[in-house]
Amino acid sequence: MNKEELIKMFDKMNQLHVVVVGDVMLDNYWVGDVDRISPEAPVPVIRLKTRESRLGGAANVAVNCKALGARVTLASIVGNDHEGNQLKELAKEAGVGTELLVKSKDRITTSKTRIISRSQQIVRLDDEQTNDISTEEEHPFLEKVLKFLQIEKPDVLIFEDYNKGILKPNVIERITSHCKEIGTITSVDPKKNHFLDYKSVDIFKPNLKEVREGLNIRLDKVDVSGMDEVHQKLKGILGHQVTFVTLSELGVYYNNGNSAIIPSHYRRIADVSGAGDTVIATASMVYALTKDAALMAAISNIAGGLVCESVGVVSIDKEQLEKEAVKVLNAQ
């Protein structure tokens, strides 16, 4: 794809409607200075300077899609609590649709609080429930999402699974099946619990650790032939279209009949948090517009590297990604 075609593709991202379904969370960052050790225990005392909350999990995927220009709707269940209200307000401020964000009377909103000093994370506090949503909450949530899909017929639906209980097998199967009926592209960023439940999706995007855990294999040597075997195993179980695996510092692997490993680009890595969210958002949108798995892998590989240059969970800068994609892809 030449420069003009790439620019045109990035412009067309503004025409897409993306629905993100999955586990949302609130990412809190408490930043301060360490100037002494506590007299009560051998731990640092941090004098807090700033507190910031950002959208995490599936909500961060939604923000990345919005940053790339799409109209985005977020579908999940949050607690009827302060964190749930804060998450909803942050989503609205980011321009993300919240009509499918449902409050639970039984569950809390997942939140992760990172305490940071001198750009280093000292400790992380997780407040969450990881049991599956109840049948009583599953059915109305599913009915609401399916009705929305039928009316809106979005271009893309992304499953973002963090093992927090929203994406049960029945939820996955019903939504995937409905997307097939209405012609919506489906992609998934899976986790171990329901790794092999995402049958017939278009894009299956685990990372290398998740592949090893999900298929219970060692995969000591990561090369194209070994990854092709992984693809065949996954394809035999899932019947999906594209296998797309992030390989950390090794880059990314894709297979849609043709396969390759695309090496990572040199970056000054500051923090890998949220990089997978950026990759699945970028990959899903590029594939929806082009159906080109190689281009999808190449551009999302660049996107994942770019967000790793910032501390904390941040969304992709579309203008920066477009410039970098034009520069890198036209040089190859």
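How many residues sit between β6 and β7 in their hairpin, and which residue in the turn has a positive phi? There are two residues between these strands, and Arg 118 in the turn takes a positive phi of about 50 degrees. Before going further, a word on provenance: this is a predicted model, so local features need pLDDT of at least 70, side-chain atom pairs count only at pLDDT 80 or more, and totals for chains, interfaces and linings use all residues. Residues are numbered from 1 along each chain as its sequence is written, and side-chain values use heavy atoms, with hydrogens and water left out.

Strand β6 (residues 111–117) and strand β7 (residues 120–127) run antiparallel and are joined by seven bridges. Helices and strands here are DSSP runs numbered from the N terminus (H or I over at least four residues for helices, E over at least two for strands), and two strands pair if DSSP finds at least two bridges between them. Ser 117 stands opposite Gln 120 in β7. Both Ser 117 and Arg 118 turn up again as contacts of Gly 32, a residue of strand β2 (residues 24–37). Contact means heavy atoms within 4.5 Å, and, leaving aside neighbours within four places in sequence, Gly 32 also touches Ile 46, Arg 47, Leu 48, Lys 49 and Ile 116. Gly 32 counts as buried, at 3% relative accessibility. Buried means under 20% relative accessible area, exposed over 50% and partly exposed in between, using a 1.4 Å probe and protein chains only.

Nine strands form an open sheet with mixed pairing, in the order β5-β4-β1-β8-β9-β10-β11-β12-β13. Its edge strands, each pairing on one side only, are β5 (97–104) and β13 (259–262). Strands of a sheet pair through backbone hydrogen bonds, either parallel or antiparallel. Strand β8 (residues 156–160) pairs with strand β9 (residues 185–189) in the parallel sense over five bridges, and Glu 160 has Asp 189 in β9 as its bridge partner. Helix α4 (residues 135–152) lies across β1 (17–22), β4 (71–79), β5 and β8, running at about 170 degrees to β5. That angle is taken between N-to-C directions, on a scale from 0 to 180 degrees, with axes as lines fitted to C-alpha atoms (for helices, over the stretch in contact).

Follow the sheet along to β11 (residues 242–246), where five of the five residues are buried, so the strand is largely enclosed by the rest of the structure. Val 242, Phe 244 and Thr 246 point one way, while Thr 243 and Val 245 point the other. On one side, β11 runs parallel to β10, joined by two bridges, with Ile 203 partnered by Val 242. β11 also pairs with strand β12 (residues 252–255), this time antiparallel over four bridges. Their hairpin has five residues between the strands, and Ser 248 in it takes a positive phi near 60 degrees.

Phe 244 also matters for the packing picture: in the largest nonpolar core, of 60 residues, Val 20, Leu 74, Phe 244, Ile 299 and Leu 321 touch the most other members. Helix α9 (residues 293–307) gives the most to this core, with 10 residues. Apart from it lies another core, of 37 residues, among them Leu 142, Leu 149, Leu 157 and Leu 167. A nonpolar core is a set of buried Ala, Val, Leu, Ile, Met, Phe, Trp, Tyr and Cys residues joined through side-chain atoms within 4.5 Å.

What about the aromatics? Rings of Phe, Tyr and Trp (its six-membered ring) pair if their centres lie within 6.5 Å, with planes under 30 degrees apart counted as stacked, over 60 as edge-to-face and the rest as tilted. By this rule there are two aromatic pairs. Phe 159 and Tyr 198 have ring centres 5.5 Å apart and planes at 55 degrees, so the pair is tilted. Phe 159 lies in β8 and Tyr 198 in the loop between β9 and β10, so the pair ties together parts that are 39 residues apart in sequence. The other pair, Phe 195 and Phe 204, is edge-to-face, at 5.1 Å centre to centre and 80 degrees between the planes.

Finally, the cysteines. The structure holds zero disulfides, a disulfide being a pair of cysteine sulfur atoms within 2.5 Å. The sulfur of Cys 179 is 14 Å from the closest cysteine sulfur, in Cys 65, which is too far for a bond. Cys 65 is buried, at 0% relative accessible area, and Cys 179 is buried at 0% too.
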